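Open the model in your viewer and colour it by confidence. Then follow the stops below.

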Amino acid sequence: MNPRRKKRLTMVLAILIGLGATTGLILYALSQNMDLFYTPTELVNGKDGKKPEVGQRLRIGGMVTVGSVARDPNSLKVSFLLHDVGPEVKVEYEGILPDLFREGQGIVAQGVLKDATTVEAFEVLAKHDENYMPAEIAEAMQKNHAPLTYTDEQQQGSLQ
């Protein structure tokens, strides 16, 4: 093989190895940041025949069970139960809860599975209802979309 072809082959192989290593590192980084979403029923019974493993990062969403919120008076630790249509799952969280958090409210918690029915959360997000609208937008809509009122003369003119 002449030196020119040997040099080209070396360059092509170096580029392919570099691309392969880059792709592998990107896929590894993405797999570390991927959190699967579960409902309490899917967490306990499994999702698609597969249960999450202890220590796995995940997100869980459901309704906070009424009467289940327990706060530690000496710290910011809070524990509560989440439910959907099936079994309940305990969520433990240390930190300040969102303003919209309350019993009977839908939430999404991101954390690590401690055991089969307990999640240690590091982030809790409270859901608002689908009818929520910020005050500024509601005011602007009332101002800009006021109901049309016709005078008697306008109504008669449109009938003619």
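Strands here are DSSP runs of at least two E residues, numbered from the N terminus. The model is a predicted one.

**Stop 1: strand 7.** Select residues 118-126, which make up strand 7. T118 belongs to this strand. Is T118 buried or exposed? T118 is buried, because its relative accessible area is 8% and the cut-off for buried is under 20%.

Now show the side chains of T118 and D115. A polar contact of 3.1 Å links these two side chains. Which residues touch T118 from beyond four places in sequence? Select V89, K90, E92, V112 and L113: T118 is in contact with each of these.

**Stop 2: helix 1.** Move to residues 3-33, which form helix 1. Pick L19 in this helix. L19 counts as exposed because its relative accessibility is 52%, and exposed means over 50%.

Together with L19, they form a nonpolar patch on the surface. The accessible area of the patch is about 850 Å² in total.

**Stop 3: confidence.** Look at the whole chain. The average pLDDT is 81, and 77% of the residues score at least 70. Which elements have the highest and the lowest mean pLDDT? Strand 5, residues 89-94, has the highest, at 94. Helix 4, residues 152-159, has the lowest, at 48.

Finish by selecting residues 154-160. The pLDDT is below 50 over this stretch. Beyond near neighbours in sequence, the stretch has 2 contacts in the model.

How values were computed
Residues numbered from 1 in each chain as written. Predicted model: local features only at pLDDT ≥ 70, side-chain atom pairs only at ≥ 80, totals over all residues. Heavy atoms only, no water. pLDDT = per-residue confidence, 0-100. Helix = DSSP H or I, 4+ residues; strand = E, 2+ residues; numbered from the N terminus. Contact = heavy atoms within 4.5 Å. Patch = residues over 30% accessible without salt bridge, like charges linked within 9 Å, V, L, I, M, F, W, Y side chains within 5 Å. Areas by Shrake-Rupley, 256 points an atom, 1.4 Å probe, with all protein chains shown as cover. Salt bridge = Lys/Arg side-chain N within 4 Å of Asp/Glu carboxyl O. Buried < 20%, exposed > 50% of the residue type's maximum accessible area, 1.4 Å probe, protein only. Polar contact = N/O pair within 3.5 Å; in protein donor to acceptor, adjacent residues only side chain to side chain.
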